[in-house]
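Please look over the structure below before reading on.

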Amino acid sequence: MKNSLKILGEIADSLYNPELHYQELFNGCQTYKSLLLEITAIKLEEEQHRNDIYTDAGRAVGTEWAIRCVEDIMRTRAYSSAVYQAVKELNDTLDRPVRLIYAGTGPFATLVLPLITRFSPEELQLDLLEINPESAAHLKQVLKHFEAEAYVREFAVTDATTYQITDPEGVDFLLSETMQAGLAQEHQVAICYNLLPQLSEHTVLIPEKIALKLYAVNQDKQHQHKLSLNPEAEPDFYTDLGTLFTLDRQTVMQQYEKINAQGPEAEFDAVDIEIPKDTHRKHQQLSIATQIFLYKDIELKLEESGLTALRILQPLNPMMRTVKNVRSRYYTGEAPGLDFELNV
């Protein structure tokens, strides 16, 4: 265990480093995955690890797919850094443990596990929620290996979209990364609309804000941006046409009574966006962008992760205006996501 803890500490160093060293980060994430696979003896080629779980609120990914999220290295770095910074800042001001709920841990709780190399159980307490029994069993192996059980206040094999929190007043942070680009298919929205209203107003949501935007994209400039191979370069290949959907504390608290009263299959208010007349002359497609603002100045930037990859909505004809208006509406349910009407 001592050697594993040392390796985990080195992984934490690479994840929490405010300066991006891409090769170091890549190596750290590969080591992270290999270490946890060794501890749990999971063999990714086995079919049993690929079984997703489907509920009235969407899809919870199988164990293998949750493991492979570590390979999305910019995502792993951004989320881990945000959680570390948030816990550290609050820990410096409290005379009690910071309490964090992690909804959708997967088999490794990868976004919080490195914290045990930085904080003691007297400084940090975790409520761990995981719907997949197989993933939950592997996480218990990981916690036992690192002798980290003392960090765990609550461990529930449960559906976080319906879970009722014990002693909700004491929760400082709510963390969940149960999403795909476009907030499609998975449980992120339903989890936030269930858990956040149970918590006190001081509880911080991580990510603090997720916004779905409608972009007009210039594909030539997009290609040039990708060829620059600079992960920190600001993209300049799109025009922001408007916001389609927002998930943050303020919006949830304003809407949860209306949304939750509809049950698992809820629909949000429609959003209409007018497309400027000359958009098709300088852009080749309309796309859905996912913005993820994690904590303070930490964000996951456009197209640096699978979570923020652009999703093409509609190609544009350079010779004529083919789309004048886009109407969108977000739905929850078995297949959550945005629905669109394109008016020509």
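This is a predicted model: local features need pLDDT of at least 70, side-chain atom pairs count only at pLDDT 80 or more; totals for chains, interfaces and linings use all residues.

**Overall fold**

- Along its principal axes, the C-alpha trace of the chain spans about 65 × 50 × 45 Å.
- Of the 344 residues in the chain, 54% count as buried.
- Among the contacts in the chain with a separation of 6 or more, 79% come from residues 24 or more positions apart.

**Helix 2 and helix 5**

- The axes of helix 2 (residues 22–40) and helix 5 (residues 133–145) come within 9 Å and cross at roughly 100 degrees, so helix 2 is roughly perpendicular to helix 5.
- On the helix 2 side, Leu 36, Ile 39 and Thr 40 take part, and they meet His 138, Gln 141, Val 142 and His 145 in helix 5.
- Sorted by class, this contact of helix 2 with helix 5 has three nonpolar residues, four polar residues and no charged residues.

**Cysteines**

- A search of the whole structure finds zero disulfides.
- For Cys 29, the closest cysteine sulfur is that of Cys 69, and because the two sulfurs are 12 Å apart, they are too far for a bond; Cys 29 is buried, with a relative accessible area of 2%.
- Cys 192 is likewise in no disulfide, and its nearest cysteine sulfur, that of Cys 69, is 16 Å away; Cys 192 is buried, with a relative accessible area of 1%.

Terms used
Residues are numbered from 1 along each chain as its sequence is written. Side-chain values use heavy atoms; hydrogens and water are left out. Axes are lines fitted to C-alpha atoms, for helices over the stretch in contact, and angles run from 0 to 180 degrees between N-to-C directions. Helices (H or I, at least four residues) and strands (E, at least two) are DSSP runs, numbered from the N terminus. Angles under 35 degrees count as roughly parallel, over 145 as roughly antiparallel, 65 to 115 as roughly perpendicular and the rest as oblique. Contact means heavy atoms within 4.5 Å. Ala, Val, Leu, Ile, Met, Phe, Trp, Tyr, Cys and Pro count as nonpolar, Asp, Glu, Lys and Arg as charged, and the others, Gly among them, as polar. A disulfide is a pair of cysteine sulfur atoms within 2.5 Å. Buried means under 20% relative accessible area, exposed over 50%, partly exposed in between (1.4 Å probe, protein chains only).
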